[in-house]
Amino acid sequence: MTESDNRKTSTIVGVDVGGTFTDLVAVSPNGLHLAKVPSTLDDQSSGVLAALDAADCEISALDLIVHGTTTTTNAVLERKLARTGLITTQGFRDILELGRRTRPQAYGMYGQFTPLIPRNLRIEVPERMDSDGHVLTPLDETAVKDAAKALLDHGCEAVVVHFLHAYANPTHERRAVEILRSVWPNSYITAGHVLLSENREYERGVTAAVNASVQPVLSKYIDRLVLALTDQGYARDLLVMNGNGGMVHAQSVAKEAAKTVMSGPASGVMAAAFTGRAASELNLISYDMGGTSTDVALIRGATPSISNEIEVEYGMPIHVPMVDVRTVGAGGGSIARITSGGLLDVGPDSAGADPGPVCYGRGGTQPTIADANFLLGRLRPSDLSSSEQTNRAKNVRHVFTEKLASELKCSAVEAAAAVVKVANTKMAGAIRMVSLSLGADPRDFALFAFGGAGPLHAAALARELDLPRVVIPARPGLTNALGCVVADLRHDFVRTINTPLAELSCSQISSVFEHQVRRGNALISNETVDLECVDTIFSLDMQFIGQTHLLRVQIDDPNMSAIDLQALFEKAYFDRFHVALQNIQAAVVNVNCSVIGRRPPLDLSLLLDKDIRAKSVIEAQTDTRNVFFDNTWMQTPVFSRDALPTDATLRGPAILEQMDSTIVIPPDDKMSTDSIGNLILHIGGAT
Amino acid sequence: MSLDPITLTVIQAGLQQVCDEMDLSFSRAAFSPVIAEANDRSDGIYAAEDGALIAQGVAGLPVFVGTMQYSTRTLIEMINEGQVDAPNSGDIYIVNDPYLGGTHLMDVRFAKPFYRQGKIFCWLSNTGHWPDTGGAVPGGFSASATAVEQEGLRLPPVKLFKQGVMDKEIFSIIQSNIRVAEQRIGDVQAQAAALLVGETRFSALLDRYGDATVSEAIGELKQRAAQQMRSYLQEIPEGTYTSEAYIDSDGVINEPLTICLSVTKSDGSLCFDFSSSSAPCLGPMNSVRATTHSAVYLAMRHIFPDVPMNAGAFEPFDIKGIKNTFLDAQYPRPVSGCAAEVSQRIAEAVFAALVQPLPNRVTAAPAGTSGNFALGGHDPDRGRDYVMYQISGGGYGGNADHDGLSNGCSTIGISKAPPIEIMEQAYPVLYHHYALHEGSGGAGKHRGGFGLDYEVELRRGHAKASFVMDHGRFGPQGACNGGDGGTNKVAVYRDGLAYTPDHLSKEQDIDLSPGDRVHVQTPGGGGYGDPLDRAPDLVVEDVSLGRYSPAQAETLFGVVFTGSPPAFDAQLTEALRTKKRAVKDRAH
């Protein structure tokens, strides 16, 4: 058998743990296995095993498991962290508590902030570098030993070494780590400069502190999962998803655990990019609407935007390269209310998963977006008998009448339509701001809608944003698991050099690139996963001298001259801001390189279950019901999406239902299909 | 009412979006770090006839919440009176005159008429803080100017852009009078481009909903905002609430300036009366009318953040008694302290008055100073001149539910302080520490947040240090029997000798030589509620974390530590607290 034959016969599993569900997609030559089981947040591995079981996977026969986990996300947000100590430069232990002089909101003079490491576990030692990396005070090695002992006496499990200007000269941090290795009982030692070589002491320190304090948590979890899988006869690789949308091997993931903190949303965006490439939709806005919030990301040329400046919550920046996913505070559970000015407003308060919207019947009493969709005939909980449906509808109508319609002087249904309209307006505005802040005009993109609620609102949002098309993947509710299946191996490197172009020699940049490529290749060659090729992407973060904002410029040739770089930057600047600035010198701030091990492409048509397809569109119709569109009830056909012929076309109004999502096609929009199972909605009949 | 609430909501969101996109465009393209990084700018839409605020970007600097409508109104009046050339399509006026609806000279306003069918439909305007507009002190924050001419170049409203084309002659006058002039063209372009973005987006909104509908919605939204503000004001019982707040000095005459405020609630409105506040001062701690009004508005918005921002929200407020006080300075009084310092003290007075009827909404006083420390000199190693600013935060006041935040940003700002590593990279300085200002949180059931404590050394060359800070004389006031926050302290060590500025928080041009150091401690927030009601375990935690010494815990909170190392003593604590309470009761 040739190598490529070998690949075709392998079975790859993507399994993603979300806040509510653990999703699984298993792709093998014999067909597709899917599962959606409740997440087990105390120990996510039992949910993973349950998903494998539910999908009828024979674990010993699997060739690769790729795992997305929210273990570290939850640990950070709920502060269920390992006890961690800090050893830092004399005079600066409070950096982690002082932050950058902020408050959580523009208006309201209050806020709460708990530093990751409490003050009594932050110990100072004599040492000091200046900004050029010259030693002003040598490292007091005895003080480091004493600090380590004190922290161990305080019960610390992990430790951070964070010295001022270590990005310029890491000698002191390295030496302190060496000393710690001889006394610290485990390997949970993080040096600030290793994850992030950037000149901002708060951001670098927090990134290191996050890393250290989730390391033991992640490491124990991975050990548990590997053990459980091995018990069931699994002998191959386990890869774990990182926030940059790439994967790393399970045995090395904990070393840079901070990179997994924002991995949840990243896998969905990777799936969107992959699907878009296969469908020739290279520019997408990915739109993942769930129960409490909506994640939005920009994909250009089938490549997701990456940011080094994600803030996980107030005062908690994690400055490592991650897929730039922005969260918009609207989800199915967002609550609608009338302000004291008599206007309708939706969100940001949410009914969450518990009690959830009224229509879930779990005791919710506040009108939500999901309830509005329910009243309008768009959403229909599938597990209910018709009498239960009627009862539920009565409750929802009652809540809408009481809380909204009586104030708005309209009917409950009109209030529901208003809630959806206001929510769409706000979401569209937020999506516009996201794309504009990344320098893109949203009209140049198609909307890639997934998540449980995304396909419900996508067509209306696209109309609001003036987007021509919506792409809805074959399995909207399993997109994150698919992202695990298709993701590549990826290592990102950032080096801050902060030098004006005039003072820069050509070889200075190329030697940084060379070093980064070498490190990336070394890391990737250690992996045993099948790869098709290894790609490198070079970029520079630049600015005009005197500016603080950075603009990322893609570099094709790593040996470009300073003159060419200045011209390239001026052009990029003009394209972005429509401002031409000559005679102002540019500077290179960061030198970035990504080394990507491309995995063999997956044939997305495998996601289609062709056996259950009806012969015609009519035969796929399951029901007709009244759905409220444009101020009027319309008799609307309901189809089973999985039964639609693979080449079906439709004209709205129509509702498509499937296991993990409901799709709304408003009147006037057309739907078509592509060969890999995506539905394409053409807004206003546009092509 | 003919417009339904849903259309209103949607148009409101649309207007907001126009402004937010202007804010975004301005910040992203701006050159000045003050605008790009610190977001010291604001963009909005203003009514054609009187400049009333229609909508303003949510990310705008709070101090501009009320100033721009005054600025636009003044411009409209001057046009109507023929003092300023009448507008044409594509014109952009530039103005920074503080007395014409402004703040300090560095806040430069652009205003552009927005035309529909040949008529002005509204004005689009923005303000950006330029890093320099000339004057005696680089950056413009003078501690001792005595006339506005010393503070910088003053621009009356003139058309910088005429029918879309920049007037290079006007710009060259500006450029010749300001520092780091070569970079200003970037800010000018960004500021003008933001107005263009606003024009495009607002046109799209009007095309979609129709000019008449949008006009009607604007009127209706104004009424609704007023209605919403009035409904919140119902929480305040009818009556008069008084407060005072103090500025350390004007920087020239070393005496405190007093803001006397009495707030009267009647008939659903609030009247803010500032009469008997101090007279206009010689030094730069004067405020101008627009800034004073804006300070009241921003304080009210801190208290009721959900009310949409348009002129209606301010309708229930009547501000009076500022004439002939330092809160309504006239030409040529110096005003460079108005936006950064005086406005924060006005907000403190509003908080201190309204925490009485609104104890669950309003906090004790926050640090309330921008903590401006400027160092200007020559770096011999790099062969260039520099001006460095260190702004710093302070503690916030405790409130009904929680302790105050530590090292929060100023009341009027939203900007971050620069990292130490970047400061040391850019300027010849070395920080010796950057830490919590221990003991500075005002005592209370919920204590104030802590200020900042830093010490910085000049490494090379000679330099001049200037300070424009406040709360050196009195700490930020506590509320509901809480104690005041720690005061601001400045000490300069020259040749090893400590020097404290006469005005405590303000001084200009202190000579420094290599090795000299500056030590600054910023104010802590005021405490909220009786410190004797603070749970002893919280005090024990604060002491174990070194935020207060055991001695401070005993004096401030009546919590006793004995032995060595000091350990909490429950019995002695109870006894001491009982005694202290009895003393307090007798005093009442």
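**Exercise 1. Packing of two helices**

At what angle do helix H12 (residues 386-408) of chain A and H13(A) pack, and how far apart are their axes? Classify the arrangement and describe the residues that form the contact.

*Solution.* The model under study is predicted.

Step 1. The two helices pack at an angle of about 80°, and their axes are 8 Å apart.

Step 2. Angles of 65 to 115 degrees count as roughly perpendicular; H12(A) and H13(A) are therefore roughly perpendicular to each other.

Step 3. On the H12(A) side, the contact is made by Arg397(A), Phe400(A), Thr401(A), Leu404(A), Ala405(A) and Leu408(A). H13(A) contributes Ala412(A), Ala415(A), Ala416(A) and Ala418(A).

Step 4. By residue class, this contact divides into 8 nonpolar, 1 polar and 1 charged.

**Exercise 2. The side of chain A that touches chain B**

How many residues of chain A are in contact with chain B? Identify the contributing elements and the residue classes.

*Solution.* 

Step 1. On chain A, 56 residues are in contact with 65 residues of chain B.

Step 2. The elements of chain A that give two or more residues to this side are helix H4 (95-98), helix H8 (201-231) and helix H13 (412-437).

Step 3. H13(A) supplies the largest share, 10 residues.

**Exercise 3. A strand pair and its hairpin**

In which sense do strand S29 (residues 621-629) and strand S30 (residues 632-640) of chain A pair, parallel or antiparallel? Describe the hairpin that they form.

*Solution.* 

Step 1. S29(A) and S30(A) pair in the antiparallel sense, over 8 bridges.

Step 2. Within the pair, Arg625(A) stands opposite Thr636(A) in S30(A).

Step 3. The hairpin has 2 residues between the strands, and Asp630(A) takes a positive phi near 45°.

**Exercise 4. Overall dimensions of chain A**

What radius of gyration does chain A have, and what value would a compact globule of 687 residues have?

*Solution.* 

Step 1. The secondary structure of chain A comprises 18 helices and 35 strands.

Step 2. For 687 residues, a compact globule would have a radius of gyration near 26 Å; chain A has 26 Å, so the two agree.

Step 3. The C-alpha trace of chain A spans about 80 × 70 × 55 Å along its principal axes.

**Exercise 5. Domains of chain B**

Which domains does the assignment give for chain B?

*Solution.* 

Step 1. The domain assignment gives domain 1 (5-226), domain 2 (363-531) and domain 3 (535-587).

Step 2. The centres of domain 1 and domain 3 of chain B, taken over C-alpha atoms, are separated by 54 Å.

Methods: Residues numbered from 1 in each chain as written. Chains lettered and ligands numbered in written order. Predicted model: local features only at pLDDT ≥ 70, side-chain atom pairs only at ≥ 80, totals over all residues. Contact = placed C-beta atoms within 7 Å. Helix = DSSP H or I, 4+ residues; strand = E, 2+ residues; numbered from the N terminus. Axes fitted to C-alpha atoms, helices over the stretch in contact; angles between N-to-C directions. Parallel < 35°, antiparallel > 145°, perpendicular 65-115°, else oblique. Nonpolar A, V, L, I, M, F, W, Y, C, P; charged D, E, K, R; others polar. Pairing = 2+ DSSP bridges. Domains from an automatic or database assignment. Rg over C-alpha atoms; globule rule 2.2 N^0.38 Å.
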